[in-house]
Amino acid sequence: MAFEGLSEKLQNVFKGLKGKGSLTESDINTAMREVKLALLEADVNFKVVKDFVAAVKEKSLGEEVMASLTPAQQVIKIVNEELTELMGGTGSKLTYSPKGFTVYLMVGLQGTGKTTTCGKLAAYLKKNGKKPMLCACDIYRPAAIDQLEVVGNSVETPVFTMRDSKEPEKIAAEAVKEAQRRGFNVLIVDTAGRLQIDEALMDELATIKSAVKPHEILLVVDALTGQDAVNAAEGFNEKLGIDGIIMTKMDGDSRGGAALSAKKVTGKPIKFVGMGEKLDALEPFHPERMASRILGMGDMLTLIEKAQEDYDEQKAAELEKKLRKNKFTLEDFLEQMGQIKKMGGIAKILDMIPGVNSNAKNNINLAQSEKEFAQMEAIIQSMTKAEREDPNILNASRRRRIAAGCGQPVSKINQLVKRYNDAKKMMKSFSGKGGAGRMNRMFR
Ligand code: GDP
């Protein structure tokens with residue numbers, strides 16, 4: 001998870017502050033020195049760190065903070081606000097052309113995840129009611145066109161190609177016509193990448209830009225490359241002008257320096273972050289939520305949105321009916337576990353819950369619980385339909401057979417049945433009078 005190291009260090013600094021009743025100037029100086037070190041260790045741009053710490057310090061030393069009853073809380077609040085501002089404040093939403101047809105030009109260096117992100121963006125737009133088409137403009141690597149077609153296929157989005165053409169600006173212009181003719185309202189143009197910024201690439205992108213007049217130019221950068229990503233963003237912005245940044249591979253970046261520096265250095269906001277290789281792993285970037293997450297205040301909004309996205313109205317109604325009739329089966333139990341998985345697994349959910357700090361998470365042993373999940377799934381899959389529907393029939397010989405089938409000891413089967421019974425009891429307390437509303441509110 002991104003920002004892990006930074007998050008832990010900052011939380012420790014604030015724990016120290018909170019332990020004191022009132023704060024002296026020297027307390028704040030010490031804390032700010034630690035904040036500065038933490039940010040530098042997270043690979044945040046040096047100048048950005050200097051300005052950030054200076055701003056936080058100045059505000060923290062103000063009369064109203066020092067004289068307040070909860071000075072430490074006030075300092076944390078200031079850090080939260082400044083972090084939010086640092087990552088782009090509120091202006092980081094993707095925008096659509098008011099004319100009704102939007103072109104996004106996707107640019108970036110090779111290997112940053114540009115092609116994958118084109119597919120992710122198409123999937124995101126479809127989820128949000130748009131009709132996107134993709135366009136392949138890499139005239140140098142036929143394999144890149146193939147890759148975009150594979151990606152497009154996976155997200156059920158057509159890909160416009162002109163394999164014999166060597167003029168990307170013409171391909172893009174034709175794609176615009178074709179998309180409009182076929183009733184699409186967004187065109188995502190994938191372009192060629194290079195290992196580093198060079199004049200020829202910039203000229204080519206500028207030509208495509210003037211041919212299709214994109215509503216937004218989105219630069220894809222790789223979070224794992226740290227300050228190199230920020231430098232690339234600066235270069236692309238100076239030479240081509242970009243509207244926003246999509247930062248990929250945030251799932252593997254424990255430092256977060258690129259994400260924290262990009263906006264301040266380039267003046268352009270991060271609009272999305274890539275959180276995995278799968279095509280649904282693209283999240284809109286919300287600086288205020290990210291700041292809260294870094295400071296261990298959780299991110300309930302994202303959690304609720306995720307639950308809403310994956311919430312299946314009809315399924316919930318069915319489930320409720322079953323609970324009322326006391327017919328909640330192991331099959332349903334399996335499905336519930338599937339829901340949790342769909343939301344990104346326990347680790348991701350815990351990340352978003354306020355108060356669950358990194359120490360607590362370590363104690364829970366996440367890898368272990370994910371493994372147990374998989375084991376439970378395997379056990380249920382080794383049962384017959386009748387057994388899944390009525391676990392009461394699971395006598396000793398059935399349990400032995402299942403254990404042999406899934407390669408786990410009988411004790412695991414017993415444990416699962418106990419968990420199922422516990423879950424059933426807990427869920428039952430939600431059903432009954434007023435339960436429907438209560439249960440719905442849990443998800444909405
Ligand atoms: P391109 O050369 O810029 O078009 O890059 P690709 O789209 O081919 O991606 C390069 C590699 O990065 C692929 O293996 C992708 O699966 C991977 N990738 C892209 N985005 C992410 C992300 O957000 N997280 C992770 N973990 N991998 C990603």
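In the predicted model, strand S2 (residues 132-136) and strand S3 pair in the parallel sense, with two bridges between them. Within this pairing, Leu134 has Val159 of S3 as its bridge partner. Strands of a sheet pair through backbone hydrogen bonds, in either a parallel or an antiparallel sense. The S2-S3 pair belongs to an open sheet of eight strands, whose order is S3-S2-S4-S1-S5-S6-S7-S8 and whose pairing is mixed. Strand S3 (159-160) and strand S8 (282-284) form the edges of this sheet, each of them pairing on one side only.

Two helices that lie across strands of the sheet may be described with reference to strand S4. Helix H6 (residues 114-127) lies across strand S1 (102-108), S2, strand S4 (186-190), strand S5 (216-222), strand S6 (244-248), strand S7 (270-274) and S8, and runs at about 170° to S4. Helix H8 (residues 168-181), for its part, lies across S1, S2, S3 and S4, with a direction at about 160° to S4.

At the level of the whole chain, the domain assignment gives domain 1 (4-86), domain 2 (102-296) and domain 3 (303-443). The C-alpha centres of domain 1 and domain 2 are 35 Å apart, and contacts between these two domains involve 17 residues of domain 1 and 19 residues of domain 2. On the side of domain 1 that touches domain 2, helix H1 (4-18) and helix H5 (71-86) are the elements that give two or more residues. By class, this side of domain 1 comprises nine nonpolar, six polar and two charged residues.

Key:
Residues are numbered from 1 along each chain as its sequence is written. This is a predicted model: local features need pLDDT of at least 70, side-chain atom pairs count only at pLDDT 80 or more; totals for chains, interfaces and linings use all residues. Domain bounds come from an automatic or database domain assignment. Two residues are in contact if their C-beta atoms, placed from the backbone, lie within 7 Å. Helices (H or I, at least four residues) and strands (E, at least two) are DSSP runs, numbered from the N terminus. Ala, Val, Leu, Ile, Met, Phe, Trp, Tyr, Cys and Pro count as nonpolar, Asp, Glu, Lys and Arg as charged, and the others, Gly among them, as polar. Two strands pair if DSSP finds at least two bridges between them. Axes are lines fitted to C-alpha atoms, for helices over the stretch in contact, and angles run from 0 to 180 degrees between N-to-C directions.
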